[in-house]
Amino acid sequence: MIDLEKYTQQYWGLMRQHAYRLTGSILDADDIVQDTMLRAIEMGPALENIEDHPEWLYSSCTEAALSRLREKNPLELNEFDLPDLIQTRGSSINGETKSIEASAVWPSVALEFLFPLQYMTPEQRAVVVLRDGVEDGDRVAASSIGVKIQEVFKIADDADKTRAQIQKHWRGNVFFASNKDPAKTARVYERFVEALGFRDKVLLQGLMSPGVELIVRDERRTGDDFVAVACTELLGQMGEKLTFSPVWLNGCRGVLIWTWRTRRNEWLRCGAITVLCDDSNIKAMKWYLDGHLVRAIQTEVPQIS
C-alpha cells in the first residue's frame, strides 16, 4: 500500500517546479500542487493501479494549471509584465534548484523561458513546458489538453511563432540570453546601486537602454529619462535612510530597496527593482510595492546608504 505522506514528499518539489513553469506564479504554483496532491490522496487504494506515477502527476498538475490559466487572458504584445522571479543563491545560470527558505525549495528557471509564456494561450504554455521538461511531453500534453497528437504539433508551431514575436518586440528591454560573464553584470549592478544611492537621474540615464520601463503600482513610465526621474522621485519619498540589498533573481542581478518603519516595529517593504542587464546597460525593471514577491526575498548582507 502506498504511503501517502512519503508519496507527496517524493513528488511535491517536482510538481512545484512544473506548476511554477506553467504559471510563472509563486502562489498559483503552491495552490496547484496542493490540488494535485489532494486529488492523489482522494484516489485512495486506486492510486496503486497507476502504472507511471510521474506521468499521471504531470498530467493532473497540468490540468489544474490550465483551469487557472484560462481564467485570465494572455498579455498583449505591447503589454509588459514579469513573471514571479524567485531569488536564488548565486547566479544560478545552470538552472539548478536552490533553497530560499528553510522549508521551501524553488527552481531557478531562466527568464528567457518564462517571459514569452505570459503572451501564450494556456494550451500553448502547457505544450511548451511539457515538451521542455517531460519525457514524451507531446503525449502528456495531448492527454492533459484533450486533443490529438497532430493538434499538439500545431499548438507547438503557433507557440514558436509567438515566442519569436515576443523576443523581437522586447529584445531591447528584456535580456533573453544567459549572461556568460557574471563579473561584468556585477560591475553594471554596482554602478546602478551607486547611482541609486546618489539619487542622480543623469547617472541612472547613462546605464539605461532607451525604452526601458518602470511600473509603480498601476502607473507605467517608459523611456530612460522617465524611469530615472521616477526612481529619484520615489527614493526621495522613502526618506534618507535606505537599505540597498543585492539579490539574484532567476540568474539576474537585482536590488531590493527598503526602509524601516519604527512606529509599528516592522520594516516597510518599499520596493524591489529587478535589474536585467548585460555588460553595459540596464535592460528592464519593475518596481514592486510590497506584495508577496518582496516578502519572499531573502537578501545578502545589506548595504546601507
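Cysteine 231 is buried, because its relative accessible area is 0%, where buried means under 20% relative accessible area with a 1.4 Å probe and protein chains only. Cysteine 61 also counts as buried, at 0% relative accessibility. Across the whole structure, a search finds 0 disulfides, a disulfide being a pair of cysteine sulfur atoms within 2.5 Å.

This is a predicted model, in which local features need pLDDT of at least 70 and side-chain atom pairs count only at pLDDT 80 or more, while totals for chains, interfaces and linings use all residues. Residues are numbered from 1 along each chain as its sequence is written, and side-chain values use heavy atoms, with hydrogens and water left out.

The largest pocket has a volume of about 400 Å³; a pocket is an open set of points on a 1 Å grid over the protein atoms alone, where a 1.4 Å probe fits, with protein on both sides within 12 Å along at least five of seven lines, and its lining residues have an atom within 4 Å of a point. Of the 22 lining residues, Thr23, Lys72, Asp81, Gln118 and Arg125 are the closest to the centre of this pocket. Helix H3 (53–69) and helix H5 (122–133) are the elements that give two or more residues to the lining, helices being DSSP runs of H or I with at least four residues.

In H5, the buried residues include Pro122, Gln124 and Arg125, and what covers the buried residues of H5 includes helix H1 (4–23), H3 and helix H7 (149–170). The 12 residues of H5 should span 16 Å at 1.5 Å a residue, which agrees with the 17 Å between its end C-alpha atoms, the expected span being 1.5 Å times one less than the number of residues.

Technical notes: Grid points are joined across faces, edges and corners, and a volume is the space filled by probe spheres set on the points. Buried means under 20% relative accessible area, exposed over 50%, partly exposed in between (1.4 Å probe, protein chains only). Contact means heavy atoms within 4.5 Å.
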